[in-house]
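I opened my notebook to record how the chains of this model meet one another.

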Amino acid sequence: MTDALAISERILDISILISIVGISLSLILLVYRIIKGPTNPDRAVALDAIGVNLMGVVALVAIVLISSKLNDVVLLIGILSFLGTLAVAKYLEAGVIIDRDRD
Amino acid sequence: MAFQIVINLIIACMWMFLNESYTFASFVAGYLWGILLLFLLNRFIPDTFYLRRVGKVIKLIFLFIRELVLSNIEIVKLVYKRQPQFEPGIFMLPLDLKSNWEITLLANLITLTPGTLSVAIAHDNSHIFIHAMHIDDIDESIRSIKDTFEKAIMEVTR
Amino acid sequence: MIETGIDITLNISVSLFILIGTFFVLSSSLGIARFPDIYTRLHAATKASTLGISSMLIGTFLFLYAEHDIVSGKLLLAIVFILLTAPVSGHMISRAAHKSGVKPVTANRSDAYEDALQKHRKNS
């Protein structure tokens with residue numbers, strides 16, 4: 001039974017490694033889209049997706065470090081990337097972020 | 001609805017005071033007793049029993065999760081095809097819902113269904129513009145959105 | 001005896017959740033890199049990454065519960081938040097793209113929004 005426990009912990013370690021490699025690959029693909037991206041909205045989409053991927057990275061780091069202190073970081077990255085995406089989208093739409101005279 | 005929830009909270013607090021144990025567990029027990037009392041005395045209280053509406057909300061959430069998983073599988077299939085075939089296009093869906101909350105909810109649900117993405121809402125809230133992966137079967141998707149989502153949202157809000 | 005069994009199940013399920021989440025996130029990025037225009041890219045970005053990140057966060061939640069006996073509400077809040085905000089940001093970006101003049105790749109030019117905008121401009 002303890003052998004099985006050791007094996008399962010080994011499986012967990014290996015799967016965390018695979019996940020970190022996979023997320024790194026996806027970040028590389030997104031950076032490629034940011035550099036290449038024909039238009040600005042493409043870059044905005046890729047930046048939004050990078051925010052999501054960073055949440056995943058922080059969750060994986062929390063598992064590696066066996067720490068519960070990083071939960072706030074996950075939530076905060078989510079909120080900040082959402083706000084950043086909204087600001088970029090408003091800028092692309094109207095050219096300003098805060099419009100003073102609302103019709 | 002709000003009146004019934006207030007009555008339920010009052011019963012829960014009274015249960016806490018009667019038990020003289022001010023913990024979360026006794027609050028939950030009192031809340032459950034309050035639900036039972038409200039269910040039994042439903043005839044003497046205005047409005048229908050509010051848990052019926054809660055049940056409909058839970059049904060809507062499960063619909064949301066199911067559609068999310070289905071659309072994910074669809075997208076992943078499309079990503080790993082060697083030569084992905086697209087016939088994208090933007091079509092128009094007439095709305096029956098009126099208030100801002102309902103339209104926001106419907107736009108979110110449309111974005112998470114297979115093959116559709118809400119692009120914009122008309123100025124007078126009468127139409128919603130949807131980008132579809134396969135423009136050929138828009139009749140099918142219009143019918144499914146009308147039948148499932150709009151009906152479920154209407155059941156919750158009205 | 002029973003506790004080691006529970007530990008084994010938790011480890012296996014945590015690794016399953018994380019692997020499934022990574023698969024979905026990776027395929028969403030692949031979709032963003034491969035698809036032809038901005039709207040189809042948004043399809044990939046809004047759908048696949050939400051399920052992927054929720055699955056990964058559920059895995060982290062289970063792991064923290066197994067190791068520390070912590071029921072972390074913040075991770076559950078993060079899942080709800082992602083599910084609520086991803087469609088909103090997709091909607092905003094697609095509307096901004098359409099207003100800033102990015103033409104969608106369409107089959108037989110079926111762009112109802114462009115037609116409606118032109119009609120609106122003509123009337124006003």
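**Ground rules.** I noted that this is a predicted model, in which local features need pLDDT of at least 70 and side-chain atom pairs count only at pLDDT 80 or more, while totals for chains, interfaces and linings use all residues. Residues are numbered from 1 along each chain as its sequence is written, chains are lettered from A and ligands numbered from 1 in the order in which they are written, and side-chain values use heavy atoms, with hydrogens and water left out.

**Which chains touch.** I looked first for contact, which means heavy atoms within 4.5 Å. Of the two pairs of chains that touch, chains A and C have the most contacts. Chain A and chain B do not touch, and I found their nearest C-alpha atoms 12 Å apart.

**Chain C with chain A.** Here 50 residues of chain C are in contact with 51 residues of chain A. I wrote down a buried area of about 4,400 Å², with 79% of it on carbon and sulfur atoms; buried area is the accessible area (1.4 Å probe) that two parts lose on being put together, summed over both. The rule finds four salt bridges across this interface, a salt bridge being a side-chain nitrogen of Lys or Arg within 4 Å of a carboxyl oxygen of Asp or Glu. I looked up the salt bridge between the side chains of C:Arg95 and A:Glu93, which is 3.4 Å from N to O.

**Chain B with chain C.** I then found 38 residues of chain B in contact with 36 residues of chain C. The area buried between them is about 3,100 Å², of which carbon and sulfur atoms give 73%. How many salt bridges are there between chain B and chain C? The count is zero, although six residue pairs are in polar contact, both at pLDDT 80 or more.

**Nonpolar cores.** A nonpolar core is a set of buried Ala, Val, Leu, Ile, Met, Phe, Trp, Tyr and Cys residues joined through side-chain atoms within 4.5 Å, and buried means under 20% relative accessible area, exposed over 50%, partly exposed in between (1.4 Å probe, protein chains only). In the largest core, of 54 residues, A:Met55, B:Leu106 and C:Leu57 touch the most other members. I followed C:Leu57 and, leaving out residues up to four places away in sequence, found that C:Leu57 touches A:Met55, A:Ala59, A:Val74, C:Leu75, C:Ala78 and C:Ile79. Apart from this core lies another, of 19 residues, including A:Leu30 and B:Leu117.

The side chain of B:Glu67 makes a polar contact with that of B:Arg66 at 3.3 Å. Setting aside neighbours within four places in sequence, I listed B:Leu112, B:Thr113, B:Pro114 and B:Phe149 as the contacts of B:Glu67.

Key
Polar contact = N/O pair within 3.5 Å; in protein donor to acceptor, adjacent residues only side chain to side chain.
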